[in-house]
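Biologist: I would like to learn how to read a model of this kind, one feature at a time. Could you take me through it, giving the general idea before each case?

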Amino acid sequence: MKLLLVGEDIEYLNELEKSFNEEMSELVIDLADSVDEAIPLFKNNQYHGIITDHDRLGNGCIDLLEKIRRDEDSSVPFLILSSEMEDEPAVKALNLGADRYLLKKGDIGVNCSRLASAVVEEVEHRQNAERLVELNSLLMSIRNIDRLIFEEDDLSSLIERSCDVLLQTGGYLNVEIALLDDDEKIKPFSSSGEHDHWDWKLKKDGEGDAPECVKEAMNTRSTVTIKGMKHYCEVCDYPEDEIDHHTVLVPMTSEEELFGFLIVCHKPDRFISKREVELLEEVVDDLSLARRRLMAEQTLEEERDLFVEGSTVLFKWRAEENYPIEYVTPNVEEILGYEQEEMISGDISYADILPETDLARLKREVERHIDIEADRIEHRPYRLIKKDGGIIWVKDHTKIIRDEGEVKYYLGYLVDITEQKRAEEALQKSEERYRRLFESAKDGILILNYYTGEIKDANPYIRDILDYSLDELQEEELWEIGSFEQICENRDGFKELRDQDYVRYEDIPLHTKDGKKVPVEFVSNVYRAGGEEVIQCNIRELSERKKTEEKLEEQHRLLQNLLGNAPGVAFRCLFDEYYTMKFLSQGCKELTGYDQEDLIDNRESSYKELILPEDRKDLRDKIQRSIEEDERYKHTYRIKTADGDVKWVWERGKGVDTDNDHTYIEGMIIDITDRKEVERELKKSEERYRTIFQSANDAIMIMGRNKFLDCNEKTEEMFKCDREEIIGRAPWEFSPKKQPDGRPSKDKAREKIDQAFEGEATFFEWVHKKMDGTEFHTEVSLNRYDIGEESRLIAVVRDITDRKEAQKRKKFLHTMLGHDVGNKTQTAKGYLKLLKEKYGEEELIDKSIRAVNEAQDIIEKIEDLRKVEEQEKIRKMYVQPLIKNVIKKYEPHLEGIDIDLEAEEKFQVKAGPLLETLFSNLIENSVRHSDCDNIKIKILSKGDEVMILFEDDGIGIPDHKKEKIIEKGFKEGEKAGSGLGMYLSKEIVESYDGRLEVKDSELGGARFDVYLKRA
């Protein structure tokens, strides 16, 4: 409380001040000995009361009262002290607005006590009256703000107008509201009154350059009241102002999350009551609710626009056959071409606009989710058929609507992701294409960091040139590899190389890892990739180029010989009306009777004139269709030679665009007249064996002594080529040069064929070669049959590659049982003999037990491998329950190791009984070998696969051992077992058509990723 004491008796006033301070705490008193001195003090200060001494001032008390009430228009409590009650001055003082006219009684202490009580009563009376006015004004503000809340539909306008209302009707100096912005920072938004915005930003976690009072309100989520300038922190702007202030900070929250502040400034003479704070908090609550309402309305409006005008369609289907459409949003016409009424009329069901394969999959997914009592279905993307027959891809999010447990409806929204699918497919193809080009390039390629010279990537061919492995090159700086010392010796040399953008050395010697010189062409250039600059270095071995040139010359010569000796004609012609020939190989004369020069550029005759008229249209249609579809064509037709003979020919070719004006055809024409004759002859007996011949699961071929005459479809599939590429060729052309016993395939084949033609049924194993060069093991049976006076052979070929692999594994198992298990058992016996001689040697006992256990482990692993070899029956299996069983089995052996299992959903995979063994091996590997404290298992969806991730925080696996650890027999260290555990795991996974990958764990240890086919 602050008082002004006015009187000429300074000694009396000082005594009065001393007594006041003893009676009242937190009291500030200013003294004035005259009216002239009191007026400036009153103007420059905010006083709660004025006390005057009538004995000393006389009518000066009345003058001062009149100035304060009339000139200053102040209602501050005014008290007059007097030794005597004089009626005239007392009445005049009271008429002018004096609050008390008090008589001095007794000593100054008694007067002070009475005066203090009177002052407090008057101050409180006056403040209560003012406070009532202020609270009524604030209530009016709240009513006005409530009206604004119903009027306004824009949050920014509501906030700004609310600040104005509080300032106008609440009687405040300044009103400010701070809000959360798009950057998740709270900063001043709107202000009304004498002050500008506070200049601060505050994150929701309390960080930022904001006043401490604001941070206190944020941390406590409660209103903070600051009284007087002395309470402001250094960050606040108010201490710089001339006028003192009181401030109230009210946090604005929504569902317990802070989104702003209401900041109100008072003059220091205004009392801040608890009720006023409560009313300000009510204002904040009202604004918070309004904000939530406006944001909800905005969200609803956006969602309405999304489902009415956007690329998202809302569907409601009945849970009946073919999914009748109960409702669909109007924008379905824009997406699918169907009108809304057309789709909900009942004439079109949802099943009608789904391709059959997608419908079958969608039904399976729905049934599976209903079986597991799921509430929502997250379908994999599928296709829909538009009204015009076009196809779009959609992502479907569906909710299952039940009534008393029975499925009634499906409510879902579909998002058109056609462009996304196209972009993903294009990007994937592009990435695969460029990665294949990079890895298959026959130049060494290095990718360098533009700034540091660090080697970020290298293709495999660099190893062939310099003998450095990829691991030895990656993460090294270019000048640290000795081979490149002539290109850049140090960092400064690299900067020169980099700054030139493009550098080419025609012939420069590099050194291999062992010091051998290799002449190369070195080219480096700078470009941008993935938003950053890189340097690409291409290294081409010049000696290899020379070899390549020689090889190309040899290939060209060989091609000329092949074309010259081929049983037909290679050609290149224009795709015009006459098939104008531009090139014909040497077989032209033999095939057509014309020299090459006679047909080229239609000099003597066009090739069209050779084709029989009735065969021309079919040939042209076939070629036209192949050009449009960018595919090769094959066609059989007849030609008339220069001698007038009619021949059957087989033509294979492809359209080639070499310029903007012309399309060329390149291909081969083969005389098949003899084959046609053979076909006519064989047709007589074809009905007897054709059904068996074509439907057989083995390759069946009809043979003469030196060539194939016919084959079934399985032959084409087995040898990866067309029938026309087989007929007429010798059997040994589909074999490697030598068989496994070292004999030439041609000699051995002739011997077997001769035996069969002599009437001896022949059955033998043989190594064949597919058209792409792949070799495979087969069983071959040759049997002779006679047609009239001619004999033929029926050759039946069966692929036994899988059987060979099984035999190889069986041999390995027998070897292991006979050798490894025997050795381990023998070791155990030896230790036990020593134990007999030296009773009590625990070390020998432990070794004996370990050896026997290892032997037993080998036997168990071999038994599991045998089961893999026998190809156990594959069925649908749930992954999560199986892993839980394995974890439960290992709980007694974990000794403080925590195992955490996470799963997106209950997945089913295609597997067999050994799946549990696989999971046991992976958990056992971490428990026994990693020294870990935690094991984490995740089950994730990866397209049509399920990935089961096993990782731990143990010692990990070095990169150079990642591939070895799943190899047969690899083991290392005292804790090593049989060396079969991880190999067995790999075999089990691969037997289920899956794969096992070894990686580094984010936990710090090892990680094994198991990929299995989703059931």
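Biologist: What percentage of the 1015 residues in the protein chain do buried residues make up?

Modeller: Buried here means under 20% relative accessible area, with exposed meaning over 50% and partly exposed in between, for a 1.4 Å probe and protein chains only. By that reading, buried residues account for 44% of the 1015 residues in the protein chain. Please keep in mind that this is a predicted model, in which local features need pLDDT of at least 70 and side-chain atom pairs count only at pLDDT 80 or more, while totals for chains, interfaces and linings use all residues. Residues are numbered from 1 along each chain as its sequence is written, and side-chain values use heavy atoms, with hydrogens and water left out.

Biologist: How many helices and strands does the secondary structure of the protein chain come to?

Modeller: Helices (H or I, at least four residues) and strands (E, at least two) are DSSP runs, numbered from the N terminus. Counted in this way, the protein chain has 29 helices and 39 strands. Contact means heavy atoms within 4.5 Å, and among contacts in the chain between residues at least 6 apart in sequence, 52% join residues at least 24 apart.

Biologist: Which order do the strands of the open sheet of five have?

Modeller: In general, strands of a sheet pair through backbone hydrogen bonds, either parallel or antiparallel. Two strands are said to pair if DSSP finds at least two bridges between them. In this open sheet of five strands the order is β29-β28-β32-β31-β30, and the pairing is antiparallel. The edges are taken by β29 (708-711) and β30 (762-769), each of which has a single partner strand, so one side of each is left without a neighbour in the sheet. From one strand to the next the twist averages 30°, where axes are lines fitted to C-alpha atoms, for helices over the stretch in contact, and angles run from 0 to 180 degrees between N-to-C directions.

Biologist: How many bridges join these strands, for instance β31 to β32?

Modeller: Ten bridges join β31 to β32 in the antiparallel sense, and I787 stands opposite E790 in β32. These two strands form a hairpin with two residues between them, and G788 in the turn has a positive phi of about 60°. Strand β28 (residues 699-703) pairs with β32 over five antiparallel bridges, with M701 opposite A795. With β29, β28 pairs over three antiparallel bridges, and M703 has F708 as its bridge partner.

Biologist: Which strands does helix α24 lie across?

Modeller: Helix α24 (residues 745-757) lies across β28, β30, β31 (775-787) and β32 (790-799), and runs at about 150° to β30. An α-helix has 3.6 residues a turn, so residues three or four places apart point the same way. In α24 the buried residues are S745, K748, A749, K752, I753, A756 and F757, and what covers them includes β28, β30, β31 and β32. The expected span of a helix is 1.5 Å times one less than its number of residues; for the 13 residues of α24 this gives 18 Å, which agrees with its end C-alpha atoms being 18 Å apart. After α24 comes G759, whose phi is positive, near 100°.

Biologist: Is strand β18 largely enclosed or left open by the rest of the structure?

Modeller: Five of the six residues of β18 (residues 444-449) are buried, so this strand is largely enclosed by the rest of the structure. Six antiparallel bridges join β18 to strand β22 (residues 532-541), where C537 is the bridge partner of L446. Three antiparallel bridges join β18 to strand β19 (residues 455-458), where D457 is the bridge partner of I447.

Biologist: Which residues have the most contacts inside the largest nonpolar core?

Modeller: In soluble globular proteins, nonpolar side chains tend to be buried together. A nonpolar core is a set of buried Ala, Val, Leu, Ile, Met, Phe, Trp, Tyr and Cys residues joined through side-chain atoms within 4.5 Å. The largest one has 39 residues, and those with the most contacts inside it are I883, L915, F919, I948, F950, F1008 and V1010. Helix α27 gives the most to this core, with six residues. Leaving aside neighbours within four places in sequence, F950 is in contact with residues including I883, F919, F1008 and V1010.
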